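Please view the sequence and the model alongside the text.

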Amino acid sequence: MSIPFPFTAVVGQDDLRLALLLNAVSPAVGGVLVRGEKGTAKSTAVRALSALLPPVTVVAGCRFSCDPAAPDGTCPDGPHEPGGGTERPARMVELPVGASEDRLVGALDIERALSEGVKAFEPGLLADAHRGILYVDEVNLLHDHLVDLLLDAAAMGASYVEREGVSVRHAARFLLVGTMNPEEGELRPQLLDRFGLTVEVAASREPEERVEVVRRRLAHDDDPAAFAARWAGEEAAVRARIVAARELLPSVRLGDGALRQIAAACAAFEVDGMRADIVMARTATALAAWAGRTDVLAEDVRQAALLALPHRRRRNPFDAPGLDEDKLNETLEEFGDDEPDPGPDGPDDGGGGGGGGQPPAGDGPQGSDGPQGSDGPQGGEVPAQGGAGDGEGAGEPRPGGAGAGEQSPVRAAEPFRTKVLSVPGVGEGTAGRRSRARTEHGRTTGAHRPRGTLTRLHLAATVQAAAPHQRARGRSGRGLVVRRDDLRQAAREGREGNLVLFVVDASGSMAARQRMGAVKGAVLSLLLDAYQRRDKVGLVTFRGSGAEVALPPTSSVDAAAARLESLPTGGRTPLAAGLLKAHDVLRVERLRDPARRALVVVVTDGRATGGPEPVALAGRAARLFAAEGIASVVVDCESGPVRLGLAGRLAGELGGGAVTLDALRADAIAGLVRDVRGNGTRRAA
C-alpha cells in the first residue's frame, strides 16, 4: 500500500487546507470544490486528508458501514442490534469520471427481483464512502446526471436506488470534495451552488517556495516511509485538533449579530436562494470550533464569506468567480455593531494557534504552492498562437501579417437568446442538450436484448418475452418465471452535446466597428447557448493570407469567449483557408472523440479574396463538408441596402442552411427550433 504525502507537509495553499479541515470538523458544511490550474497539489491535499480523519466504528459485516451505536433502520444488510462493532480507518473513495450510474449508486439484480422477489443489491461508491470522503477529480467532466445524483445524496445523507418499482435506500453521509481545472470547462451555476465551499488555487511565483515544494516532493518520492515519519508529530497534532473541534462544535453559539452579518453579506452580493446563508452559518460555526472558541466572531463570518460566496455570484459562464473584499468589509462593519461579547477567553484565543482562519502550518516556507506545484503553468491559459492577448505581436507573425489594414479588437455587443441549431439524425454521443441521440436517460422509444449488463429494464417487453414460456417452464404459482434471455433493455432517446466549431471571418470586409461588434455579440450568444447545452466548442479565424485555430476544441466556453473578445480584424478574406483549417480540426477531433457529432457555424458575409480564383477554391473547400455529411450553418453578416447573397451560396455548397444575424434571435420570427440538415434544407417548428 502506497504511503500518501502528509497533509501538514503541503507547502502553502492555506485556503485549500482550511476548507478541507472545516469539512472534516463539520461535514454539514457541504463539501469543497477546488478550482485551479494543473500541478497545484489539489489531489495531493485531498488524498492526504483521509489520514487525518478519526477512525470509525462500524457494524461487523455491514457493507454500508452502519454505526453500531445508532444503526440505520433501513440498511439493506439490517436490521442490526445496537452495540459491539469493529473499528477501521475512514475511507477515501474516488469516483472516476467515466463511472456509470450503477457504479455510483449501486445496482439491483432485476432478474432475481422479478422471479424471486428478492432485493439483491450490490452497493455502489456512495455506500463505500459513507462516513468517509468521496473524492471526484475533474468533477466538471462528470456527466450532469451523475453530478445531480451525487449532490442529492450529499444533501440528503441517503442514496435511493429505484428500478421498475423495486427500491432500496441506505445512508450516505460523506465529505464531498471535487477538483477541477477551469481551462477544461465550467460546472453549471446550479451545480456550483450545491458545493458548500470553493477554493481557487494557483502555483506560487516565489522561487523559494517553489524550491521547498520540489525539495519535499523529491524527499517523499525517495523514501515515503521516512518522510511520513518526519511529519508524524504534526499529523498527530492536527488529528487531535479535529477530534477536539468536533467535540466542541455542538457548544458553539451563533449569535444574532453574526446571523445578521451573514444575511447582510449574502444580500449585498445578491446570491440566489438561501443555501449560501446556511452554508456560511455552518462554516462560521466550524471556524470557531476549529479555533477552540464557543462564540462566532466577525472574523469567522468574514472567512466564511470568502469561502462560501465567490462561486455563488456567477450569473453566466463568462463571469469570473470572486468577491470584492472591500465591499465585504464595509458590509460586515455596518452590521457588526451588535456582535456578542466573545467571553472571558477573548477573541484572540485560538485554542491551538492560527485562529479561525488559519490552517496548521508545518515547517518550511508557507507559500501558495503544493507538492506538485513545480510543473504548473505560469498563470492562466497561454493565448493561442495568433490570438490577441497581453504582449501579442512582439515579433510574432500572424496570418496576413501585422501590417496594413489591421484594426484593434472591438467589444462584443450584448448577447441574446438564439435559436436552437441542431445536428440532424440521431446520434450516440455524450449526454447533453442539443441534438437527438440514443442515451441512458430520456423518453423510452423501444426495447432490445441487452448488450452486456442490463441497465434499464423495459418491464412490458420483458413480461411479453417471458409470457409464452410459462407452461413449458412449469409455472405453478402466481409468480412469473423469468429467465435471463427474457430480459429486455429499454431503448431511450434524449439529447447529446455536440462539437460546435465556429469559423469566423475577421477580414477587412467585416472590420466596420459596429458590424464586428454585432458579429461578436452573435457568436458570444451562440457560445452561451453551447454552454447551456453542454457542447464542446472550437474557434477558427481567417483573415489576411491564412487561417488559424484560435482555440482547439474544448469544454471551456469562457476561454472561447476570451479569444473572441480579443480578436483583431483586417486584411483580405481567405475563406477557403478558413474552411480547410476547420476541416482539419474536425478530422483530428473525430479520431479523439468519434461519437461526438459536429456542427460547423461559419460567420461571414460570403466574400472571398486573395490568391487565384478565391471563390472557386472556397466552393471546393465547402463541398468537402457536404460530401462527408457534416452539419453546418452560415451566419450571414452581409448588411446594407445592396446584398450579393454570397453567404447563401456558400451555405448551398456546404450542404447546410443560412441565417442572418437578425434572424438568429430566438424571438425574431415564429419558431424556436431550426434543424441544420446536411442536404441544405431547413425546418422551422
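Aspartate 326 is exposed, with a relative accessible area of 55%; exposed means over 50%, buried under 20%, and partly exposed in between, with a 1.4 Å probe and protein chains only. The model is predicted, so local features need pLDDT of at least 70 and side-chain atom pairs count only at pLDDT 80 or more, while totals for chains, interfaces and linings use all residues. Residues are numbered from 1 along each chain as its sequence is written, and side-chain values use heavy atoms, with hydrogens and water left out.

**Surface patch**

Helix α14, residues 325-334, holds aspartate 326. Helices here are DSSP runs of H or I with at least four residues, and strands are runs of E with at least two, numbered from the N terminus. Together with Asp324, Glu330, Glu333 and Glu334, Asp326 forms a negative surface patch. Patch residues have over 30% relative accessible area and no salt bridge, and like charges are joined within 9 Å. Asp and Glu count as negative, whereas His and the chain ends are not counted. The charge is placed at CG of Asp or CD of Glu.

**The chain as a whole**

Secondary structure amounts to 20 helices and 23 strands. Of the 685 residues, 52% are buried. The chain exposes about 29900 Å², and carbon and sulfur atoms supply 51% of this area, computed by the Shrake-Rupley method with a 1.4 Å probe. Contact means heavy atoms within 4.5 Å. Among contacts with a separation of 6 or more, 81% are between residues 24 or more positions apart.

**Salt bridges**

Side chains of opposite charge can pair when their charged atoms come close. A salt bridge is counted when a side-chain nitrogen of Lys or Arg lies within 4 Å of a carboxyl oxygen of Asp or Glu. That rule gives 31 salt bridges, including the following pairs.

| Pair | N to O distance |
|---|---|
| Arginine 17 and aspartate 14 | 2.9 Å |
| Aspartate 486 and arginine 473 | 2.4 Å |
| Arginine 533 and aspartate 529 | 2.8 Å |

Arginine 17 and aspartate 14 are about one helical turn apart because they are three residues apart in helix α1, residues 14-25. Arginine 17 is buried, at 0% relative accessible area, while aspartate 14 is partly exposed, at 29%.

Aspartate 486 and arginine 473 pair in a salt bridge. Both residues are in the loop between α15 (459-466) and β15 (489-496), 13 residues apart, and both are buried.

Arginine 533 and aspartate 529 are also both buried. These two residues belong to a network of salt bridges that includes Arg434 and Asp535.

**An interior residue**

Valine 29 sits in the loop between α1 and β1 (32-36) and is buried, with a relative accessible area of 1%. What does valine 29 touch, not counting residues up to four places away in sequence? Its contacts are Leu22, Asn23, Gly196, Leu197, Val279, Arg282, Thr283 and Ala286. The C-alpha atoms of valine 29 and isoleucine 278 are 8.6 Å apart, although 249 residues separate them along the chain.

**Backbone features**

Most residues other than glycine have a negative phi, and most peptide bonds are trans. Glycine 78 and proline 79 are joined by a cis peptide bond, with omega about 0 degrees; proline 79 is in the loop between β2 (56-58) and β3 (86-88).

Arginine 131 has a positive phi, near 70 degrees. This residue, in the loop between α5 (125-128) and β7 (133-137), is partly exposed at 23%.

Terms used
Patches are made of residues with over 30% relative accessible area and no salt bridge: like charges are joined within 9 Å, nonpolar side chains (Val, Leu, Ile, Met, Phe, Trp, Tyr) within 5 Å.
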